Structures are given as C-alpha cells and as structure tokens.
Amino acid sequence: MEPEYQLHEIDDDGFDAIAIPGGMSRAGFYEDAFDERLLRLIQKFNAKNKIIASVCVGALAIAKSGALQGRTGTTYHLSSKRQAQLLEMGVHVVQHPIVVDGNIITSQSPATAINVAFTLIEKLTSRANVERIKEGMGFAPHSIDPSEM
C-alpha cells in the first residue's frame, strides 16, 4: 500500500477526522505511533475538536499526544500492560468494546474495527446514513426468529 500523504504533508484543515489503527510492537508500531509528527497532528485535531478515532492500541498514540488526559478511553482488552500505559498517561480506562468521549473514539480490539468505522461515519454524517451503509453492506438490522416466519 502506498500512502497518499506523508505526515508532514497533511493539512489538518483539509480533513474532518483522523483514524489511527492499532498494531504490534514487533512490526515497529510504537515507533510510528509515538512519532512526534503524528502526536502533533493528533493535538491539532483535538484542539479543533475534530474526530479522532482509534482501534485497539491506536489509543496509545492519542493518549501519548495528551488528547486523552483526564478523559475516558480503552485499549487492547487482553493486555494489562497496554491498559496500564493508558492509565499512566492520565486516561480513565474502562472495559467497554468502544468508548466515545467527546470527539475521541477508542476501542479494545481489532474485532471492533468495523463498529469504530460505523461510529466515525455516524459522527461525521448521521445515524440514518450509517443504517443505509450497513444495509448496503449486508448487515442485518436485527435477528429474525425462524418461528416468526
């Protein structure tokens, strides 16, 4: 995959939101996630109350930037080390799959990625738009009891 922009090329005024994926330490995730250029970009988005979304340990970059200090968030649910890192950075850590605190969305695991995306879309557009997208993607609005058919 080729990035369209390098971090130093991003004009925060040209975007309404930023989404930060998680990753693994052995793949260099933390070097990238804690890069000062990314942290400054997160700070700029937060200062303008723009949406900042993350999946799994992507929340650590948001916390490292200071944007989550004194706020509620979550991160990888099977790692007390990662949750302790959030706590050390001043985050009130809760055990929920997805946590929304104002303009910031955090989540616990890779499995939450699609619902983080839906939450992000809803914040950027509307609930009705999310429902339309879900329907188009084949997500059932609710379960059907076969005995009711």
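This report walks through the aromatic pairs, ring-facing charges and salt bridges of the structure above.

A quick note on ground rules: this is a predicted model, where local features need pLDDT of at least 70, side-chain atom pairs count only at pLDDT 80 or more, and totals for chains, interfaces and linings use all residues. Residues are numbered from 1 along each chain as its sequence is written, and side-chain values use heavy atoms, with hydrogens and water left out.

**Rings**

Strands here are DSSP runs of E with at least two residues, helices are runs of H or I with at least four, and numbering goes from the N terminus. Tyr5 is partly exposed at 41% relative accessibility, and Phe15 is partly exposed at 32%. For those labels, buried is under 20% relative accessible area, exposed is over 50%, and partly exposed is in between (1.4 Å probe, protein chains only).

Tyr30 and Phe34 make a tilted pair, because their planes are at 55 degrees, with ring centres 5.8 Å apart. Tyr30 is buried at 13%, while Phe34 is partly exposed at 22%. Phe34 also has Lys64 over its face, 5.3 Å from the ring centre. "Over" means NZ of Lys or CZ of Arg within 6 Å of the ring centre and within 35 degrees of the ring normal. Lys50 does likewise for Phe45, at 5.5 Å.

**Salt bridges**

The structure has 6 salt bridges (a Lys or Arg side-chain nitrogen within 4 Å of an Asp or Glu carboxyl oxygen). The table lists some of them.

| Pair | Closest N and O atoms |
|---|---|
| Asp12 and Lys48 | 2.5 Å |
| Lys48 and Asp13 | 2.4 Å |
| Arg71 and Asp101 | 3.5 Å |

Asp12, Asp13 and Lys48 are linked in a salt-bridge network. Asp12 is in the segment before E1 and Lys48 in the loop between helix H2 (36–47) and strand E2 (51–54), so their pair ties together parts 36 residues apart. Asp12 is buried at 8%, Lys48 is partly exposed at 40%, and Asp13 is exposed at 55%.

Technical notes. Rings of Phe, Tyr and Trp (its six-membered ring) pair if their centres lie within 6.5 Å; planes under 30 degrees apart count as stacked, over 60 as edge-to-face and the rest as tilted.
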